[in-house]
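Grab a pencil and work through these exercises with the sequence and the 3D view open. Try each task before you read its solution.

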Amino acid sequence: MDSVFKALADPTRRLLLDRLREHNGQTLSELCERLDMARQSATQHLDLLERANLVTVVRRGRERLHYLNPAPIHEIEERWISGFDKPRLQAISAIKNQAEEYAMTSEPTSVPTYVYVTYIRANAEQVWHALTDADLTARYWGHANVSDWQQGSTWEHRRTDGSGAVDVVGRVIKAEPPTRLVITFDDASDAESPRESSVVTFLVEPHHDIVRLTVTHENLANPEMLSEVSRGWPAVLANLKSLLETGEVLPQAPWEMYSAHD
């Protein structure tokens with residue numbers, strides 16, 4: 001946590017996070033224009049934010065696009081903040097809002113509109129297996145993801161309550177085990193909609209005894225869908241991380257916290 005607090009202690013870096021919160025997925029040039037800051041200074045601050053895992057860089061062609069990553073702040077909340085009473089939570093709401101409410105622009109864009117990064121103590125093959133095995137997804141997601149995971153194949157997000165109902169459907173765009181999986185992602189009820197499907201990319205990057213798992217979700221239909229996936233992905237990936245690292249999912253389904261506090 002030291003690198004996170006060090007990064008947040010500087011007002012310029014907090015301002016960079018604010019600008020990314022207002023408009024996520026900016027290039028270095030765009031950030032410099034909005035902040036009237038020299039490229040060298042901005043690069044140094046962004047490097048510190050990236051090392052603290054508060055900013056994630058996604059390459060698109062020759063461009064480097066910068067996104068907020070709320071995972072470190074979420075860990076801070078889990079460790080220290082969630083047990084505090086409401087007045088204390090309000091006292092630190094500035095920090096909480098910076099990284100938890102990482103809202104993107106509602107204007108249509110061709111770049112990813114949601115990015116989440118987590119680090120897992122596992123190897124790439126274990127993470128790939130957890131993403132594609134129906135029984136494992138049923139344990140940490142509450143739905144079984146069913147497919148042969150070949151490029152061009154369909155996949156289904158089936159309930160595990162015995163009904164066999166399918167809530168999400170899609171097709172496999174790319175499958176490069178164990179490092180890259182790209183799928184379309186649509187509510188089953190909207191499968192015949194003329195709008196373009198949203199697309200989810202799982203990128204698994206191994207490093208010694210850990211992997212970095214990056215999830216991007218693009219082509220979101222509207223701000224409401226962004227809000228839903230911003231709640232859903234952290235919960236699902238926290239359960240996945242727990243399962244791979246401890247052999248058990250979290251004691252309570254993390255997505256139930258949202259309905260409990262609404």
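**Exercise 1. Is Glu218 buried or exposed, and which residue does Glu218 form a salt bridge with?**

Step 1: Start with the cut-offs: buried means under 20% relative accessible area, exposed means over 50%, and partly exposed is in between (1.4 Å probe, protein chains only). Glu218 has 10% relative accessibility, so Glu218 counts as buried.

Step 2: Next, the partner. A salt bridge needs a side-chain nitrogen of Lys or Arg within 4 Å of a carboxyl oxygen of Asp or Glu. Glu218 has such a bridge with Arg60, and their closest N and O atoms are 3.4 Å apart.

Step 3: Now place the two on the chain. Helices (H or I, at least four residues) and strands (E, at least two) are DSSP runs, numbered from the N terminus. Glu218 sits in strand 9 (residues 210-218) and Arg60 in strand 1 (residues 55-60), so this pair ties together parts that are 158 residues apart in sequence.

Step 4: Check Arg60 too: at 31% relative accessibility, Arg60 is partly exposed.

A quick word on the model before you go on: it is predicted, so local features need pLDDT of at least 70 and side-chain atom pairs count only at pLDDT 80 or more, while totals for chains, interfaces and linings use all residues. Residues are numbered from 1 along each chain as its sequence is written, and side-chain values use heavy atoms, with hydrogens and water left out.

**Exercise 2. How many salt bridges does the structure hold, and where do Lys241 and Glu245 lie?**

Step 1: The count is 8 salt bridges.

Step 2: One of them joins the side chains of Lys241 and Glu245, at 3.0 Å from N to O. Both residues are in helix 10, 4 residues apart, or about one turn of the helix.

Step 3: How covered are they? Lys241 is partly exposed at 22% relative accessibility, and Glu245 is partly exposed at 37%.

Step 4: For a bridge with another layout, look at Glu248 and Arg139, whose side chains meet at 3.8 Å, N to O. This pair links distant parts of the chain, 109 residues apart: Glu248 is in the loop between helix 10 and helix 11 (256-261), while Arg139 is in helix 9 (residues 134-141). Arg139 is partly exposed, with a relative accessible area of 42%.

**Exercise 3. How many aromatic pairs are there, and which residues form one aromatic cluster?**

Step 1: Rings of Phe, Tyr and Trp (its six-membered ring) pair if their centres lie within 6.5 Å; planes under 30 degrees apart are stacked, over 60 edge-to-face, and the rest tilted.

Step 2: Applying that rule gives 6 aromatic pairs. Take Trp155 and Phe185: their ring centres are 5.9 Å apart and their planes are at 40 degrees, so the pair is tilted.

Step 3: Trp155 lies in strand 5 (residues 154-159) and Phe185 in strand 7 (residues 180-187), so the pair ties together parts that are 30 residues apart in sequence. Both Trp155 and Phe185 are buried.

Step 4: Now the cluster: one aromatic cluster is made up of Tyr140, Trp141, Trp149, Trp155, Phe185, Phe202 and Trp233.

**Exercise 4. Which peptide bond is cis, and where do Asn53 and His208 lie?**

Step 1: The bond from Pro177 to Pro178 is cis, with omega near 0 degrees. Pro178 belongs to the loop between strand 6 (166-176) and strand 7.

Step 2: Asn53 has phi near 70 degrees, a positive value in a residue other than glycine. Look for Asn53 in the loop between helix 4 (39-51) and strand 1. At 13% relative accessibility, Asn53 is buried.

Step 3: His208 is another non-glycine residue with positive phi, near 55 degrees. You'll find His208 in the loop between strand 8 (198-207) and strand 9. His208 is exposed, with a relative accessible area of 74%.

**Exercise 5. How far apart are the C-alpha atoms of Arg39 and Leu28?**

Step 1: Find Arg39 in helix 4; Arg39 is partly exposed, with a relative accessible area of 48%.

Step 2: Arg39 and Leu28 are 11 residues apart along the chain, and their C-alpha atoms are separated by 7.2 Å.
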